[in-house]
Amino acid sequence: MILIVGGGKSSEIAAEEVIRQGAVPLRLVLPEETFSFLPDVETVKGRLLSFTGVQGNFQAEIEIDREVKKFNVGAAVIAVDETPKVSDTDCITLSSILENNYLKCSGTIVILLDAKKPSRASHIVAVEKAIEIKDNNPDCRIYIITPEVRTFGLDELEYCKAQKKGIIFIRAEDIKHSSGKMKVTDSPSGKVLDITPDLVITDEEQEVKNAALWAKAFSINLYEDGHFRLGNVSRGPVTSMRNGVFLCGTASRALLPREMDTSARAAATRAVTASQTPLMLNSAEVDEEKCASCMTCVRVCLFHAPSINEKGKSEICRDLCQSCGLCVNLCPASAISFKGVSRIELRNAVDDVLRCLHE
Amino acid sequence: MIIAERKPISEIISIIGNNKKILIAGCRSCASVCMAGGDREVATLSEALGLYSDLNSLGWEISEISKERQCEKEWAREIAEEASSADVILSLGCGVGVQFIQEVSGIPVFPGLNTSNMGGPEEQGIYLEKCGGCGDCTLHLTGGICPIARCSKSMLNGPCGGSQNGKCEINPDTQCAWDAIYQNLKRLNCLEMLSEIIPPKNWIPSRSGGPRKIIRKEMVLSEDEKKIKEGLE
Amino acid sequence: MNDCSILIICCEKMKETVERASLENSAVLALPCLGRIDEAVILRAFRKGADAVIVAGCVEGNCKYNSGNYQARRCVNEVRDILEEIGISGERLEILNLSPNQAVDLVNLFENMKEVVLRLGHPDILGAER
C-alpha cells in the first residue's frame, strides 16, 4: 500500500498512477481539508501521529475520528499542493477569475504580477485569461504589469499572440498603487506611466499549507520558503530527505500544470518501486556509557536520527539513520560507532592501505 | 559549562619539552562538550604529536585515556595510575582538571587547553561567554542577561556611549549586552525596570575576596565517617 | 625520490572513479561518506608514510547526505593548520570536489601533487614503519 498525503490535483494523479502500476493507494487528508472524490481510492480523513519503519516496511499511525488506526505502507507520496495564501487586499485575484466568470469586464483592466512567491503557472494563466477577456470584449484595454514576463517554452507563443491582440505588457519594478490610480515606471525606458484602472487583478503568494505539520510527522525537512525540501539530486528526482518518502506536485517547488502531472506520476512510480525494494541500512549506535549528552549528533544530523532519550543519553533512530558516519566522526566522546568506520577500524584501515602501498 | 580551546600545537610541543612518554588525558564533561578535550580531540592531538615526533625522530611514546570528569579526585586518581609509566600527563581538561590530576600524580601534569569562560554553545561550534561567576547574581534585574560577563565594561547600568546599533564598540561582532537587556525587557514587557538604578553590587563573593570556597554543611561528612570510609585508625 | 606515495581518501560514490583512474603509487581509502573523515585519519596517513593526501568527494551541494563534503573541507582546513604547525607543508593535502565522470580533474591534481612532493621531498618519517 502506498500512502498519499494531500487532497489536491497531484494526489489524484499520483493515486491514479499507483493504481495503474498495480499497487493500492491510501489517501490521507487532514480533517479540515477539502478534497476531490475518487471512486477507486480509499481516502481517510485524519492526522498522522507517527510514521516509523523503513522503506518497504513503514507503519503509519493515523488518528481517524479519535480512534488510532495502524496501516502498513511500503512508501509514501507527499502530494500537498500549493494553495494561494489568503490575501489581505481587496483586489481580485488570479485564482478567483479562474473560478468565476470575469469575461464580461470592460474598461481598463490591469493584471499585476508581482507577488513574492507566485505560482509558477501564474504568468501563463494571466496571459491566457487576458486573451480570453480581450476576445470577448475587444474594446477593453488590458495591461499586464510585471518585472519579467515568465512564459516558458511553447507558452511564448501565447505571449506573442497576446501582444498581437493589443494587450500591453509593461515591465516594471516600481509600481505605486493607491486610491484607484497607478504610477508605473517602465523599466526599459524609465518613463513614468499613469494608469487609471477599472479593474485590478493580482497574482497571489502561494503557500504549502500545514507543511511544518507533515514535515514533523514524516521527519523530513522544509525549505526556508515553506516547501518540502527535495533530497539531494544524487538520490534522483522527487525524493525527500527520507528514503521511501517522495514529493510530488508543488509540494517541493513551484511547477507548471504539465510539470505537476509529470512529477506526480514520477513520485507514484518511485513509491511503487521503493515499496517493493525494502531498504536495510546499518544504523549508527550509541554507547550510553560514553555519551556526554553534548547534543553534537543531534545538531549535525540533517536526518533527525539522533535525539536525547529519557536517560539523558543520545539514541539514534534506526529508521531515520542513513549511515553516513557524520555523527560517528564528530562525537567528541567517541560514543557513536558504526560498523566499519569506528575510530580504531579507520585507523587500522589507513595503516593497512599504506602498508600495502609501501610493500 | 566551562568553555576551553586547545592550545596551539607548537605551544604544546614546547611545553612537552624533552619528555618522551606522554599520556594525553581527555575529559568527557565540559571540555568534551565544547569539542576541546574529548576522545575525539585526544585522538587528533595524539596523531599530530605522533607525527611531529616521527618527523623529528624524538621517539615519543603517546598513550590516550579519557575519564568522565577530571575535576573529581576519584577519576583524577585513575588517570594518575594509568600514567605510572609515563613521564608527563598532558591534560585536555580545563584548568580545574589539570590541578586535580596534579594533586594526585607524581609526574608533571601539563595543560593542553586554554580555559576561557563559563558559557554555552550559541550554535554548533560557536561558544559564547554567559556568566562572570561574580558570586552575587543580578540576572533578575537585567532581563536574564549578565552584564558582568557580557558587557565589555561589566556595567551595572547601561548602555554606555559605545553602544552602536546593538553592537559594542570593542568589536562589531560583539553584541552590546545592554542593548540585549533592553530588547529582552521590552519582550518581557518590563521596560520600567530600566528606570531603576542598580546600586553598586557586593564584590566580596567575587574573586575580589580571594579564592572562593563554598561549603554545604549538610553535605560534609563528619570526621568519624571520613575515617571509617577511608579505613583510617 | 622516484616513487612518491599518495593516499586518496574518497567516498563510496567516488570509489569507482578513483579506482578506474588507476593512479600509480597511490592507495585508496573509501569511506561511506566524506562526513566520516576526521583529522586523526589524515594525520595518521602522513604518519604512516603518505607523502601527500588527496581527499576526493562530490561537488559541494551534491552530497547524498548533504553535509559530507562541507565536513571534509572543514576537516582539511583544520589539518592543514595542524600540519603547518608541526612543520609539514599544507600543500601536501588537497581536497577535490569531483563529479564521477571528471576523472581527468583527479588525474591533473594527482600530477600536481606529484610535483609538489618532488619539490618538497618525502617528509622525513623515521619512526614510522615504512
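Entry 1, the sheet of chain A. I began with strand β2 (residues 25–29) of chain A, which pairs with β3(A) in the parallel sense over four bridges. The model I am reading is a predicted one. Within this pairing I looked up A:R27 and found A:T43 of β3(A) opposite.

Entry 2, strands of chain B. I turned to strand β6 (residues 113–123) of chain B and looked up its partners. Strand β1 (residues 2–6) of chain B pairs with β6(B) in the antiparallel sense over five bridges. In that pairing I found B:T115 of β6(B) as the bridge partner of B:A4. Strand β7 (residues 126–131) of chain B also runs antiparallel to β6(B), and five bridges join the two. Here I saw B:G120 opposite B:L128 of β7(B). The hairpin of β6(B) and β7(B) has two residues between the strands, and B:G125 takes a positive phi near 90° in this hairpin.

Entry 3, the contact of chain A with chain C. I noted 28 residues from chain A and 31 residues from chain C in the contact. The buried area between these chains is about 2500 Å², and carbon and sulfur atoms give 63% of it. I recorded that A:N329, A:L346 and A:H358 supply 20% of the area that chain A buries against chain C, more than any other three residues. How many salt bridges does the rule find across the interface of chain A and chain C? I counted two. In a salt bridge of 2.8 Å, N to O, the side chain of C:R44 meets that of A:D351. I also listed nine residue pairs in polar contact between chain A and chain C. On the side of chain A that touches chain C, α8 (326–330) and α9 (343–358) each supply at least two residues. Helix α9(A) gives the most to this side, with 10 residues. By class, I found 16 nonpolar, eight polar and four charged residues on the side of chain A that touches chain C.

Key. Residues are numbered from 1 along each chain as its sequence is written. Chains are lettered from A and ligands numbered from 1 in the order in which they are written. This is a predicted model: local features need pLDDT of at least 70, side-chain atom pairs count only at pLDDT 80 or more; totals for chains, interfaces and linings use all residues. Side-chain values use heavy atoms; hydrogens and water are left out. Two strands pair if DSSP finds at least two bridges between them. Contact means heavy atoms within 4.5 Å. Buried area is the accessible area (1.4 Å probe) that two parts lose on being put together, summed over both. A salt bridge is a side-chain nitrogen of Lys or Arg within 4 Å of a carboxyl oxygen of Asp or Glu. A polar contact is a pair of N or O atoms within 3.5 Å; within protein, one must be able to donate a hydrogen and the other to accept it, and residues adjacent in sequence count only if both atoms are side-chain atoms. Ala, Val, Leu, Ile, Met, Phe, Trp, Tyr, Cys and Pro count as nonpolar, Asp, Glu, Lys and Arg as charged, and the others, Gly among them, as polar.
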